[in-house]
There are 2 protein chains.
Amino acid sequence: MDERLKKQMEFCLEIDKEKNVFRQTHLSGKGRFENDAEHAWHMAIMAYLLKEYSNEPVDISRVMIMCLIHDIVEIDAGDTYAYDSEGLTTQKAREDAAKERIFSLLPEDQKEELIALFDEFEEYKTPESKFAHAMDNLQPLMLNNSNNGGDWIEHGVSREQVYGRQSKTREGSEKLFELTDRVIKENIEKGNIK
Amino acid sequence: MDERLKKQMEFCLEIDKEKNVFRQTHLSGKGRFENDAEHAWHMAIMAYLLKEYSNEPVDISRVMIMCLIHDIVEIDAGDTYAYDSEGLTTQKAREDAAKERIFSLLPEDQKEELIALFDEFEEYKTPESKFAHAMDNLQPLMLNNSNNGGDWIEHGVSREQVYGRQSKTREGSEKLFELTDRVIKENIEKGNIK
């Protein structure tokens with residue numbers, strides 16, 4: 001097998017480990033915790049189906065691949081819960097080291113390409129990254145809402161915390177933020193969010 | 001919420017159930033069984049990274065969405081193991097009913113679009129569907145090989161069965177079939193495939 005394909009296949013096998021990185025979100029039907037690979041799969045399909053609501057036109061293949069790879073660094077760095085303020089202080093350093101190790105398994109050109117996509121997502125500036133982030137927010141909100149806000153209740157999450165994260169959905173999609181806002185307000189009324 | 005977005009969100013929530021459909025493939029490191037959502041996520045990333053090996057040029061966003069949705073019908077129809085000859089006789093009828101129910105949750109235009117993509121995948125004629133199928137074969141082969149052929153051994157799978165399925169990878173990618181062929185031969189030599 002030539003060196004290029006060998007490297008590509010090593011990377012493809014390595015990312016299998018993302019299926020063992022569990023998040024704080026439960027599956028619908030009060031199921032088990034969701035893992036990063038499932039979350040990314042779900043986000044990518046949602047991006048494809050909801051693309052008409054992006055504030056700006058997007059290249060959907062770039063949004064999809066961004067969704068699919070955005071959590072790969074968590075293979076080494078672990079999942080940092082959105083409302084874990086302590087974990088968030090060390091998240092960047094942990095994820096930078098992981099990014100270098102994991103993407104270096106690829107041939108140089110693809111390493112550069114995927115790191116550029118990963119960084120673009122993190123920088124939150126392009127229409128594609130803003131829309132991908134909207135999916136990163138909306139997907140767990142949808143699941144949590146379907147479970148009557150169980151994840152918010154369990155972690156004692158406040159409305160300031162939820163809005164702090166979810167209001168950024170507006171940068172990707174005004175329309176999906178309207179939906180988000182309605183879901184949050186309903187969960188505040190029910191007492192699921194403090 | 002308007003009717004269109006409501007339908008889209010109902011579909012997005014419904015497909016969460018795909019995370020509970022388990023396959024016969026084990027994760028690398030002799031892990032647990034893999035589920036359909038994880039498998040689809042893995043295939044879509046592999047398609048993106050290995051697209052240079054497609055026999056014909058492909059529209060990669062179409063390949064990716066095809067990979068992501070190709071198993072959604074298994075939410076109702078269940079996973080049919082590639083070498084389960086009895087299950088395979090009823091697979092089409094079970095999957096047709098599931099396809100109609102699940103995609104009907106979407107607005108009409110998107111129902112038609114996703115059914116067309118699903119059918120295109122099943123029909124195995126376009127460059128995109130052939131390459132997506134190559135990923136559907138290569139991804140579990142890669143995992144199974146990493147586990148020293150454990151899934152083949154457990155099911156007592158024969159070389160005719162493995163080649164029967166895997167040789168179709170050639171239609172999508174000669175290059176990836178060369179790799180597949182080498183992996184199969186190594187596993188026959190080791191006694192992992194009868």
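**View 1. The meeting of chain B and chain A.** In this predicted model, 52 residues of chain B are in contact (heavy atoms within 4.5 Å) with 52 residues of chain A. Among the residues of chain B, B:Lys19, B:Trp41 and B:Leu49 supply 16% of the area that chain B buries against chain A, more than any other three residues. Together the two chains bury about 4,500 Å², with 68% of it on carbon and sulfur atoms; this is the accessible area (1.4 Å probe) that two parts lose on being put together, summed over both. Because 100% of the interface residues of chain B are also interface residues in chain A, the copies meet through the same surface.

A word on conventions: residues are numbered from 1 along each chain as its sequence is written, and chains are lettered from A in the order in which they are written. Local features need pLDDT of at least 70, side-chain atom pairs count only at pLDDT 80 or more, totals for chains, interfaces and linings use all residues, and side-chain values use heavy atoms, leaving out hydrogens and water.

**View 2. A salt bridge between the chains.** Here A:Arg4 and B:Glu52 join their side chains in a salt bridge, 2.7 Å from N to O. The term stands for a side-chain nitrogen of Lys or Arg within 4 Å of a carboxyl oxygen of Asp or Glu. The interface of chain B and chain A holds 6 salt bridges by this rule, and the count over all chains comes to 40.

**View 3. A:Arg23 with A:Glu34.** These two side chains form a salt bridge of 3.3 Å, N to O. A:Arg23 sits in strand E1 (residues 22–26) and A:Glu34 in strand E2 (residues 33–35) of chain A, 11 residues apart; strands are DSSP runs (E, at least two residues), and helices are runs of H or I with at least four, numbered from the N terminus. A:Arg23 counts as buried at 9% relative accessibility, and A:Glu34 is buried at 0%. Buried means under 20% relative accessible area, exposed over 50%, and partly exposed in between (1.4 Å probe, protein chains only).

**View 4. A:Lys111 with A:Glu100.** Their side chains meet in a salt bridge of 2.9 Å, N to O. A:Lys111 lies in helix H6 (residues 108–123) and A:Glu100 in helix H5 (residues 85–103) of chain A, so the pair ties together parts 11 residues apart in sequence. A:Lys111 is buried at 13%, while A:Glu100 is partly exposed at 42%.
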